[in-house]
Amino acid sequence: MPTLSFYIMAQNEEKRIHKTLKSIKHIADEIIVIDGGSSDRTVEIAQEYTNQIYVHPFEGYAKQRQYALTKVNSEWVFAIDADETLSPELQDAIPRLIMQEDVDAFEFSRRNYIKPGIWLRYGGMYPDYQRRLFRKQKAIYGNIVHSGEIPQIEGNVKQINLDIIHDQTDNNIQYHWKKLIGFVKAEITDTMPNQFWGYYLYYAFVDFFIIFTKKYFLQKAYKMGTIGIRLALSHAIYRFLTNIGLVIKRLKIYFLNQ
């Protein structure tokens with residue numbers, strides 16, 4: 001039977017990583033934890049489940065994941081975050097899935113819980129397919145913030161409607177704002193602006209309107225009330241701030257070359 005490794009990227013996740021590890025321990029041949037430098041009990045808790053814990057300073061999402069792959073020894077890899085667990089149905093299915101010889105990667109649906117019992121059904125947030133299970137030798141991570149987090153696969157990819165449970169119930173607005181700004185900064189750093197600065201300024205406003213309209217109306221985020229408004233706004237603000245950052249970056253490049 002093919003072997004299966006799970007890797008977890010974590011930093012200061014003492015409140016949630018125990019549930020993650022508990023949901024995978026019985027189906028994992030190997031558990032690897034890549035810690036970005038936690039100051040809480042994350043590493044101590046992980047040691048209850050595995051001795052393969054590597055402290056590796058965070059260099060970016062794609063680089064951190066590519067580093068994780070260098071520590072994997074199994075044929076199959078499941079990338080799971082420290083605030084996620086596997087639904088019982090997905091746990092049961094995984095041993096059968098890795099037996100399929102004609103598939104090289106699987107994408108699973110994900111439920112994003114923001115409050116106990118409340119998850120994001122609309123706004124394009126479900127099924128929210130995540131490419132997490134794949135053959136190690138068929139995968140490589142890129143170098144761009146979001147696309148770089150998704151392994152590029154040389155082979156057949158299959159989508160499965162079995163849920164990963166994403167626990168965001170302890171995260172307040174301040175946490176989400178900090179995370180959003182972190183993604184914005186990372187994408188600006190990874191992107192080389194190759195257009196006139198006015199191009200990015202124009203699309204800062206156009207993209208804001210398009211993304212908010214798409215999320216709130218077309219993808220029916222309005223059905224979630226104020227949560228839907230916050231969801232649509234956060235995606236629109238992300239794109240707006242990224243474009244404004246590229247305006248500033250493009251202007252800096254221009255003046256440095258004068």
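**Exercise 1. State which residues line the largest cavity, and describe the lining by element and by class.**

Solution. The lining of the largest cavity is formed by R16, K19, T20, A82, D83, E84, T85 and D167, where a cavity is a set of points, on a 1 Å grid over the protein atoms alone, at which a 1.4 Å probe fits but cannot get out, and lining residues have an atom within 4 Å of a point. The model is a predicted one, in which local features need pLDDT of at least 70 and side-chain atom pairs count only at pLDDT 80 or more, while totals for chains, interfaces and linings use all residues. Residues are numbered from 1 along each chain as its sequence is written, and side-chain values use heavy atoms, with hydrogens and water left out.

Next, assign the lining to elements: α1 (17-24) and β5 (84-86) are those that give two or more residues, with helices (H or I, at least four residues) and strands (E, at least two) taken as DSSP runs numbered from the N terminus. By class, the lining has 1 nonpolar, 2 polar and 5 charged residues; Ala, Val, Leu, Ile, Met, Phe, Trp, Tyr, Cys and Pro count as nonpolar, Asp, Glu, Lys and Arg as charged, and the others, Gly among them, as polar.

**Exercise 2. Describe how α5 packs against α7.**

Solution. Begin with the geometry: helix α5 (residues 173-190) and helix α7 (residues 226-256) pack at an angle of about 35°, and their axes are 9 Å apart; axes are lines fitted to C-alpha atoms over the stretch in contact, and angles run from 0 to 180 degrees between N-to-C directions. Then turn to the residues in contact (heavy atoms within 4.5 Å), which include W177, F183 and I188 of α5 and I237, Y238 and L246 of α7. Sorted by class, this contact has 11 nonpolar, 4 polar and 4 charged residues.

**Exercise 3. Explain which parts the salt bridge between R65 and D81 ties together.**

Solution. The side chains of R65 and D81 meet in a salt bridge at 3.2 Å, N to O, which falls under the rule of a side-chain nitrogen of Lys or Arg within 4 Å of a carboxyl oxygen of Asp or Glu. Because R65 lies in helix α3 (residues 61-71) and D81 in strand β4 (residues 76-81), the pair ties together parts that are 16 residues apart in sequence. By this rule the count comes to 13 salt bridges.

**Exercise 4. Locate the cis peptide bond and the positive phi of N12.**

Solution. The peptide bond from Y126 to P127 is cis, with omega near 15°, and P127 lies in the loop between β7 (118-119) and β8 (130-135). N12, although not a glycine, has a positive phi of about 55°, and its place is in the loop between β1 (4-10) and α1.

Note on methods: 1 Å grid on protein atoms, 1.4 Å probe; cavity = no way out; pocket = protein on both sides within 12 Å on 5 of 7 lines; lining within 4 Å.
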